[in-house]
Amino acid sequence: MGKTAFLFPGQGAQYCGMGKDFFQTYDTAKKVYVQAGEATGMDVAQLCFTENEDLNITEYTQIAMLATEVAILKVLEEKGLKADCAAGLSLGEYGALAAGGVMDLPQLFWLIRQRGIYMQEAYPVGGAMSAVLGLDADVIGEICEKTEGIVSIANDNCPGQIVITGEEKAVEAAGAKLLEAGAKRCVPLKVSGPFHSKLLAGAGEKLAADLQDVRVRNPQIPYVCNVDAVYVTECEPIKSLLSRQVSGTVRWRESMALLLADGVDTFVEIGPGKTLAGFLKKMNREARVFSVGTVEDMERLMQAL
């Protein structure tokens, strides 16, 4: 039998009501939302479960997503489900840290709240992101480099889907060139900033300062970091990796290729949506992929395993 990996999604998968059935059904999940609220001075449960506009604003999205991911994770662990390794896309990397027991949860929740604030404030207007479909990463990277202004690859998600980020005019100009070069589509994303671009370097520096006061431990299970797409097995590089991640490219396709090459054949996406499952199926149709965003999803997973 092969290995199992826990995967944690990033921004964009959130929806009002996410995690509510776990909160109502399991005290373990409820405790996580309470911890997240105490660590950040917010009513995180209300943010996740009631209709509001804040849920789609970065500084609130990130804590809401992480609390939900960790709540589901803790219930799965309580049920006896274990992983050999983990990975998370962008803010989802903090879910992977939780799976590895790298930080105490109150510190982890406080840190993601700070990350969200810094990213929201770093470049409030004039930034953009677009999903480029049907073109190789090498071609996209080369065109971005030749485009005037600041534009680069934010996410290398899977074959045929790359996200570019940067100054609005530069992203638009690069998009036009990419269509000429053979891209099927360039889809502007509804985001509040040019995430994972060097325009957010200042946010990464602020996060680095906060990280100095945070205690990290060696991961109990290895996780794949976004910026280098390699396993992290010791605590020493973690703070640097997290600060670099804010403005660095998320190398998700390479991260999944690493897990597949290492013998992972069962993937459990923990959190709202099925985005990561979709990426994986484009890379390997044989892999067993489960998405757990509801109690019903979890029950199907436990039955299958």
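A crossing of two helices is called left-handed if the near helix is turned anticlockwise from the far one by less than a right angle, and right-handed if clockwise. By that rule, helix 2 and helix 6 cross in the right-handed sense. Keep in mind that this is a predicted model, where local features need pLDDT of at least 70, side-chain atom pairs count only at pLDDT 80 or more, and totals for chains, interfaces and linings use all residues. Residues are numbered from 1 along each chain as its sequence is written, and side-chain values use heavy atoms, with hydrogens and water left out.

**Helix 2 against helix 6**

- Two packed helices are described by the angle between their axes and the distance between the axes.
- For helix 2 (residues 27-40) and helix 6 (residues 105-122), the axes come within 8 Å and cross at roughly 60°. Axes are lines fitted to C-alpha atoms, for helices over the stretch in contact, with angles running from 0 to 180 degrees between N-to-C directions.
- Helix 2 and helix 6 are therefore oblique to each other. As for the wording, angles under 35 degrees count as roughly parallel, over 145 as roughly antiparallel, 65 to 115 as roughly perpendicular and the rest as oblique.
- Helix 2 brings Val32, Gln35, Ala36, Ala39 and Thr40 to the contact, and helix 6 brings Leu105, Pro106, Phe109, Trp110 and Arg113. Contact means heavy atoms within 4.5 Å.
- Sorted by class, the residues of this contact are 7 nonpolar, 2 polar and 1 charged. Ala, Val, Leu, Ile, Met, Phe, Trp, Tyr, Cys and Pro count as nonpolar, Asp, Glu, Lys and Arg as charged, and the others, Gly among them, as polar.

**Helix 11 against helix 12**

- Helix 11 (residues 252-261) and helix 12 (residues 275-283) have axes 11 Å apart and pack at about 65°. That makes helix 11 roughly perpendicular to helix 12.
- Their crossing, too, is right-handed.
- On the helix 11 side the contact uses Trp252, Arg253, Met256, Ala257 and Leu260, and on the helix 12 side Leu276, Phe279, Leu280 and Met283.
- This contact has 8 nonpolar residues, no polar ones and 1 charged one.

**The nonpolar cores**

- The largest nonpolar core has 75 residues, and the members touching the most others are Phe6, Phe22, Tyr94, Leu97, Met103, Phe109 and Tyr223. A nonpolar core is a set of buried Ala, Val, Leu, Ile, Met, Phe, Trp, Tyr and Cys residues joined through side-chain atoms within 4.5 Å. Buried means under 20% relative accessible area, exposed over 50%, and partly exposed in between (1.4 Å probe, protein chains only).
- Helix 4 (residues 58-78) is the top contributor to this core, giving 11 residues.
- Apart from this core lies another one of 17 residues, including Leu259, Phe267, Phe279 and Ala287.
- Beyond its neighbours within four places in sequence, Met103 is in contact with several residues, among them Leu97, Leu108, Val214, Arg217 and Leu242.

**Buried spots**

- Phe8 belongs to strand 1 (residues 3-8), and its 0% relative accessibility is why it counts as buried.
- Phe8 and Glu69 sit 61 residues apart in sequence, yet their C-alpha atoms are 7.0 Å apart in space. Glu69 is also one of the contacts of Phe8, along with others including Leu73, Gly88 and Ile270.
- Helix 10 (residues 238-245) has Ile238, Leu241, Leu242, Ser243 and Gln245 buried. Their cover includes helix 5 (93-99), helix 6, helix 9 (201-211), strand 7 (223-224) and strand 8 (231-232).

**Worth a look in the loops**

- Thr147 lies between helix 7 (137-146) and strand 4 (151-158), and it is buried at 5% relative accessibility.
- Pro159, in the loop between strand 4 and strand 5 (161-167), is partly exposed with a relative accessible area of 44%. Not counting residues up to four places away in sequence, Pro159 touches Arg253, Lys282 and Met283.
- His196 is not a glycine but has a positive phi of about 60°; it is buried, with a relative accessible area of 3%.
- Ala229 has a positive phi of about 55°, again without being a glycine. Ala229 sits in the loop between strand 7 and strand 8.

Terms used: Helices (H or I, at least four residues) and strands (E, at least two) are DSSP runs, numbered from the N terminus.
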